[in-house]
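Hi,

I'm passing a structure on to you, along with some notes on what turned up in it. Have a look at it first, and then read on below.

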Amino acid sequence: MTKKLYVKTYGCQMNVYDSERMAEALSGEGYEQVDSPEDADMILLNTCHIREKAAEKVYSELGRFRPLRDANPDLRIGVAGCVAQAEGEEIMRRQPMVDLVVGPQTYHRLPKMMEAVEKGQKALDTDFPEEDKFLKLPRQRATRGPTAFLTVQEGCDKFCAFCVVPYTRGAEVSRPADRLLGEARDLVDRGVREITLLGQNVNAYHGAGEGGDWGLARLIREMAKIDGLDRIRFTTSHPNDMNDDLIAAHGDCEKLMPYLHLPVQAGADKVLKAMNRKHTAEDYVRLIERIRAVRPDLHLSGDFIVGFPGETEADFQDTLSLVETVGYGTAYSFKYSSRPGTPAAERAGQVSAEEASDRLQRLQSLLTQQQRATQDAMVGRRVHVLFEKPGREAGQMVGKSEYLHAVHVDGPAELRGRIAPVEIVESRTNSLRGRLV
Ligand code: SAH
Ligand code: SF4
Ligand code: F3S
């Protein structure tokens, strides 16, 4: 008998990848994925701990499932991901209806855990095991859409003063290169044309490969040799790990797309130092110049935190001027959120919520202007779009340009999975409209 699994994913792309792998691990136990919690025998929340709001959402979401559980006592509820790792048993204390808690490094053990859960027991596993979970997970088989994520590196050793990732994901581990090339080939066989290589610190990748350790650039160049794979991207990178080889790849590897997410977080050296980012604003600006020298049309994306402890108005002005200097195609900005167990949480000089909100609003209005200008500048240009799905209106198809802009055109459903030249005719709020050429 098939049982029904509903998975909801929060947080970063690595969680999206993990959710897919967890669903596949459970498909061996007879679980088939469904789109709504009402139909499920098992609900699995894959959670994010990065900011307080994200973590608290888990509890409100669990509260929403209470009526489902009351109506169906056989419904099982599990929490996976970074909140599971960080809060463990606390989750079961706060929400006794939770049956299962599994961390990001132990989900290959889910089938075993589910056996206990189906018998009405509770299961919790938030170890950092020695073994490589990816070797224990079933090989992926289902056919799929034209784009996919592939986690190549996990964890982080950088310990930025604000960040929980080194604690929730553990130490940096790179997966072996031959495994990744094999998984990439599998993906291509299953219909994928674009792969985004993932890692919390993806450009620190140094996996075992032929002849010794490979860096990310080497992995990308080897992956680019796979026939049928047309596009490669990677995220998220740290400025200090953008080495010469990876910069060069942006200039000479045709399949590597001209888009780079390279967070700087703040523009004042004092704040960068307090964040433990280990580079200055000037270092970052010079780095961007070097990358743009090999790939002038590169679209740059970033992350920013405002209101880090000790950040003054003058420091914040430095962030604004760095944004002016660099020019971003897109960017994500956040109010600093104090996270338990991180060094910054204990610091003096916490910025008031009002001040932080005000800074965030000013930063976002500048970033939105830049995003808008970048998009508007695409009008009249020809791009190549990998079509992924039907658009909102009938007869429309949507896909991504090489610059990761969402582009929709009037065109047939057969475009799905194809890359076609498109002329951009209009810039809208969060997408571009184009015409097939
Ligand atoms: N590994 C990536 C980012 C991972 S978290 C990197 O180093 O760039 C994604 C983003 O969330 C971070 O870039 C940062 O901007 C934001 N972030 C992380 N911790 C935060 C916190 N405590 N408060 C607010 N934003 C945070
Ligand atoms: Fe967090 Fe810093 Fe590691 Fe990124 S590099 S995951 S921000 S500790
Ligand atoms: Fe969130 Fe964990 Fe990713 S904290 S951002 S889901 S690594």
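**Where two domains meet**

Across the interface of domain 2 and domain 3, the rule finds 0 salt bridges. Please keep in mind that this is a predicted model.

What holds polar partners across this boundary, then? Between domain 2 and domain 3 there are 13 residue pairs in polar contact, with both residues at pLDDT 80 or more. On the side of domain 2 that touches domain 3, two elements give two or more residues: β13 (231-235) and α14 (353-376). Of these, α14 brings the largest share, with 4 residues. Sorted by class, that side of domain 2 has 8 charged, 5 polar and 4 nonpolar residues.

To place this in the chain: the domain assignment gives domain 1 (3-125), domain 2 (134-376) and domain 3 (382-436). The centres of domain 2 and domain 3, taken over C-alpha atoms, are 25 Å apart. In the contact itself, 17 residues of domain 2 meet 21 residues of domain 3.

How much area do domain 2 and domain 3 bury between them? The value is about 1500 Å², and 53% of it lies on carbon and sulfur atoms.

Happy exploring, and write back with any questions!

Best wishes

Key. Residues numbered from 1 in each chain as written. Chains lettered and ligands numbered in written order. Predicted model: local features only at pLDDT ≥ 70, side-chain atom pairs only at ≥ 80, totals over all residues. Heavy atoms only, no water. Domains from an automatic or database assignment. Contact = heavy atoms within 4.5 Å. Buried area = accessible area lost by both parts, 1.4 Å probe. Salt bridge = Lys/Arg side-chain N within 4 Å of Asp/Glu carboxyl O. Polar contact = N/O pair within 3.5 Å; in protein donor to acceptor, adjacent residues only side chain to side chain. Nonpolar A, V, L, I, M, F, W, Y, C, P; charged D, E, K, R; others polar.
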